[in-house]
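Welcome! Here is the structure for you to look at, followed by a short tour of how it is put together.

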Amino acid sequence: MSIQSIATGRARPWLLPAGWLLVTAVVANQPSLGLDAFWTRQIVLVCLSALLVSGLNLSLGWAGELNMGLPAMYAVGAYLTAYLSSKVFNDLAVCLVLSAVAAIVVGLLAGVPGLRLGGWMLAVCTFLLVGLIPVTLQVIPTSILGGQSGFVGIPRPRLFGHPLREEAFYAVVVVVTALWFALYRNAVKSPFGDSLLVLQHGPVLAPSLGLSRYRLKLTTYALASVPIGVAGSLFAYNDRFVAPESLGLHLILLTLVALIIAGRRSIYAIFVGVVVVQYLNNLSTEFDEWSDVAFGAFLVIGGLAFGGGIAGLARRVARRFIPVATAHAGAGAGAVPDLSGADLRLDAVRKTFGGVHAVADVSLLARAGQITALIGPNGSGKTTTLNLISGLQRPTAGRILLGDRDLTRLPAIQVARCGVARTFQTPAIPIELTVLDAVAAGRIQRRPISLLSTMLRSPKYRRVVRENREAAAQWLAVVGLSPVAGEPAAAMALGTRRMIELARALCADPSLLLLDEVASGLDRDEVEELATVLRKVRDAGATVILVEHNFSLVRSLADHVVVLAEGAVLTDGDPRTIAEHPEVLERFLGTGAGVSGTTLQEGRRA
Amino acid sequence: MSTAVFAGLSTGAIYTLIAIGYNVTLTSAGVLNFAYANTLVLGGFIALSATGWGLPLPLILLTCAAICTLVSVGVERAAIRFLPSGGHAELITTLGAGTAITAVTVLIWGPDPQRLALYEQHPIDLLGGRVVPNNLVLIALPVVFGVGLHLLIRGTRFGLTSRAQAFDREATMLRGVNVRWLSIGAFAITGAFAGLVGPFVLVSTAASPWLAITIALKGFVVLALGGLGSQLGAVVAGFLLGLVESLVALWIGPFYGDYSVFVVFVLVLLLRPQGLFGSRRLRLV
């Protein structure tokens, strides 16, 4: 398998758009094929609910935050369209666009204060907004929005000056829904969607890849408002009547139930979820009192098991029929591109927690094109030092310089963008990404693509994504993981996940690479491979800092060793000197250095 | 003016009663039980039936407390016990449990608001305003229970383990504390609490099943304003929010009370996310 073929991914890329176009064309033409009013209405309602569920899925499934403000955004779209079309200017396209914009504004109103804290805070903040709908309708004069009794007299829609007949409006609803789902699919099946999966992994990984959690969430949140506002607008035109009763808690519950059935981060399965809920809802007019009990109970069960839903089930079935590659080729196949390293200088860096000095006045110099090992017993401040360099923690005093750049006070995102990449003691691999995409995630911040470009699959988007995937494929070849490029990354064995993390860090073209116990848990062969890769990386010019317990590996790899003890530098020098340093021997190497780890040949420089 | 102050204090008291309940499960079980407000309203409705049977007041309250305890423990078993760690699943499950409880309430007692009377209510003049005795009871309740629960948390083994759990759940488990029982205990306590105070709340507001969602949300605002985990904060913040809402409604217009609650919440989120009395340690994320 060549690097190109790994990077390109799926064969027959035209199949999906063509299929979607066909489905849309068939469904949009149904009235002429003889659907009665009942079924036409059912399909319109399915489309509207699907728009709502996709909005909720973006915020809950992809951004991981429950947005209860859905009825508020829906109401804004509906009322704006009602008002504009009956009193100002009746044009469907204008109303759709303005409703989407208004929904974004309202969504952000509750989202901006709530998103930073997230969780319950966001849920309640947006929920309060829903409580303001009836109040607002009473504050605004009845002559404008119709007050509590609802808005009547919405005209039939017009589009570019032409009145739309029943069938034409139906077709518009179907086409708009299909179009949105295409955009939604493009938005999430992209580096943008990948970075949202990175986000789900927790608070540390995203910033260390240079991705801003808050910005990502806010963008997703704004995007999630669009289909909700659009659905509100279409709803007003469809019913030609908007009543406040339909805009409450019940709407959230129905949407939530449909989403749980469809599955977290689902796309097409949303339609299945919506159809199921609509069927139940049509039934429940017969035993109305019980429906809320059932929906409540379903949320309890579904909330506990919220996961793949229908979409996950389909994926699992599909996976059974696709052969799984497990072969593991040896490392060293690919060529390593040049990495422009920069010297890292720590100048009397200190970190105190309360009164404890975790790191006390550490000064060190890590040169470009060299591997600097940081060794020391547990609790000697190695990982803290790495965290201080990568910006995850702020030093209490001292200076950190990368080349000429001062990293001392920079947050992790900025540090990552300066070309610092790292791995973690426990490999941080986001779920649902393939090995290739997990590695390419290291590059997302290097070439930002606008969300609009992403959704429209612009030429720039295609070029950037192709280049990123090629780079990722090249690094996969270097670490010997090409055969598993298309497999789910999080399900790999520990050793493989360490290699994926290493490849991801390298894929960012770092000038400084920080490795936190990258060899722990690897077997002998894997350690050999790792050593080969790291030598290549060093020779390519990168600055490498290696925190390691395996002294044999350190001896074989490092050009320079810094020994930490109780937060301070005990001594430093080349590996051979360190190995004979009496205090180091006594403090933690013991007499039999190399016994604890895998014995490796001493390093050779190419 | 004084009348509005009394009205504000008594609605504020209701919000505090909700926030106090949230706080107990939050510290002892590490979860926010959104269904608590629905349980409290259910308690009030049970009192409605119990008065119909002609029971004396203490027995009515006992009945409410007993049934609500069972319901609350049921919520813990169904919606909390099997929660996956991390994530916001409790948001959905307790919302679902609350929906189900309210739906059952509607099934039994009907959707329309009813009047609940536990004892004679003659408005009395006090400090230049008029107030019904129940509202005075309502204002006293959070103070009494706030102090009571504060003592429970500070002075008992249950409280000690709860605080330990809130500080570090894993370490507490390793010390041999059964955090599962802690969780059940917390839900039982809040259930009993909901049953005891629910009737007084519904006397003041009129018994409507849909009340739950409103007080659930405003109770949460009080929780955030007072600071997560702080019973003292909940008492102060509750009265404060009730007063703000009532006075805004008096001075600006009856519909603006709800806006003021939203504005207060947004300000808390932006300016003081840890609340008035909260520590940064207990976080809802």
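## Domains and contacts

Chain A is divided into three parts, domain 1 (25-245), domain 2 (248-322) and domain 3 (336-429 + 510-606), with bounds that come from an automatic or database domain assignment. This is a predicted model, in which local features need pLDDT of at least 70, side-chain atom pairs count only at pLDDT 80 or more, and totals for chains, interfaces and linings use all residues. Residues are numbered from 1 along each chain as its sequence is written, while chains are lettered from A and ligands numbered from 1 in the order in which they are written.

The centres of domain 2 and domain 3 of chain A, taken over C-alpha atoms, are 49 Å apart. The C-alpha trace of chain A spans about 90 × 55 × 45 Å along its principal axes. Chain A holds 25 helices and 14 strands; these are DSSP runs numbered from the N terminus, with helices (H or I) of at least four residues and strands (E) of at least two.

Now for the meeting of the two chains. Two residues are in contact if their C-beta atoms, placed from the backbone, lie within 7 Å. The contact takes 33 residues from chain A and 36 residues from chain B. Each helix in this table supplies at least two residues of the side of chain A that touches chain B.

| Helix of chain A | Residues |
|---|---|
| Helix 5 | 92-115 |
| Helix 6 | 119-139 |
| Helix 12 | 249-262 |
| Helix 14 | 288-304 |

Helix 6 of chain A gives the largest share of that side, 13 residues.
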